[in-house]
Amino acid sequence: MPRLLNSVNLNLPVEQYLFSTAELKNLQVAQNSLVVDCMKGFDLNYKVSSPGPALGPRSLMDRRYGLTDEKTAAAFGYHLGKLDPRKQKPPVNQSPPDGDTLAALTGKSDNARTSGLLINGKSVPPGGCNREAEQAIFGKDKAANDEFPQDLNVKSFFATKSSPPVRRAFQAWSNCMKNHGFSYTDPLAAIDDKRFQGTDPSSAEIKVATTDVACKKKTNLVGVWFSVETRFEKAAIRKNAVRLNGDLARNKRALRVASDVIRKADD
């Protein structure tokens with residue numbers, strides 16, 4: 001079994017069927033652009049806020065098994081530095097849409113009416129501009145909203161978390177932490193410690209975090225868990241290959257459409 005530590009750059013098999021953070025941002029930008037264009041069709045000047053900077057973990061795998069980055073642990077403990085949402089100012093709340101804007105955007109009027117809506121002489125499509133933009137990118141069929149890849153991602157984590165090899169790795173890690181004076185049943189209990197939820201890391205937090213990462217390295221916890229989870233996902237993917245291949249094709253189509261929308265908006 002490979003000896004692994006930093007999980008940031010690892011990739012689980014299910015990730016090929018999921019959108020990356022950058023791809024999700026492009027999809028949102030494209031969808032926002034289509035919403036604005038649709039609203040113009042009703043002679044409504046509607047503005048959508050641009051997606052903010054990506055915050056939180058750097059990848060699907062970052063923090064999946066708890067903290068695994070030695071440099072981050074020494075510098076920020078369990079915090080995320082510039083990527084930490086706790087360091088960001090709360091967004092300025094915009095006034096919620098109402099009247100014609102609400103109706104065109106959602107297909108629902110202030111009095112909850114959803115059919116026969118007319119704005120400036122033009123019929124509002126079911127679901128309004130929001131749904132029209134979403135369907136333009138992701139498709140209209142039911143399969144376009146298949147959540148199986150996301151469900152597999154979650155199921156894989158929890159199923160392998162309770163598997164015997166991972167439980168043994170947890171115990172080895174817990175014993176290592178105890179030898180340094182810290183009592184935690186597993187790495188997720190350490191990163192979720194209520195004492196470490198403030199805006200800034202404390203010296204005590206940094207000491208626990210660096211010990212946590214060192215114990216993961218000593219026990220090869222990341223290598224064990226990643227190997228078990230990889231096997232679990234490969235088996236599930238083989239069993240559901242047709243469905244997942246359909247999801248992959250739809251994802252690629254959505255990204256192509258989004259790319260075209262963004263390029264046309266920039267012209």
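# A tour of the disulfides

Select Cys-215 to begin: its relative accessibility is 0%, and Cys-215 counts as buried (buried means under 20% relative accessible area, exposed over 50%, partly exposed in between, with a 1.4 Å probe and protein chains only). The model is predicted, so local features need pLDDT of at least 70 and side-chain atom pairs count only at pLDDT 80 or more, while totals for chains, interfaces and linings use all residues. Residues are numbered from 1 along each chain as its sequence is written, and side-chain values use heavy atoms, with hydrogens and water left out.

A disulfide (a pair of cysteine sulfur atoms within 2.5 Å) joins Cys-176 to Cys-215, with an S to S distance of 2.1 Å. The pair links distant parts of the chain, 39 residues apart: Cys-176 is in helix H6 (residues 164-179) and Cys-215 in helix H8 (residues 203-219). Helices are DSSP runs of H or I with at least four residues, strands are runs of E with at least two, and both are numbered from the N terminus. Cys-176 is also buried, at a relative accessible area of 7%. Look along the S-S bond: at -75 degrees, this link is left-handed.

Now select Cys-38 and Cys-129. A disulfide joins these residues too, with 2.1 Å from S to S. Cys-38 sits in helix H1 (residues 21-40) and Cys-129 in helix H4 (residues 128-138), so the pair ties together parts that are 91 residues apart in sequence. Cys-38 is buried at 10% relative accessible area, and Cys-129 is buried at 0%.

Finally, show every disulfide: the count is 2. With bonded cysteines counted along the chain, the pattern is 1-2, 3-4.
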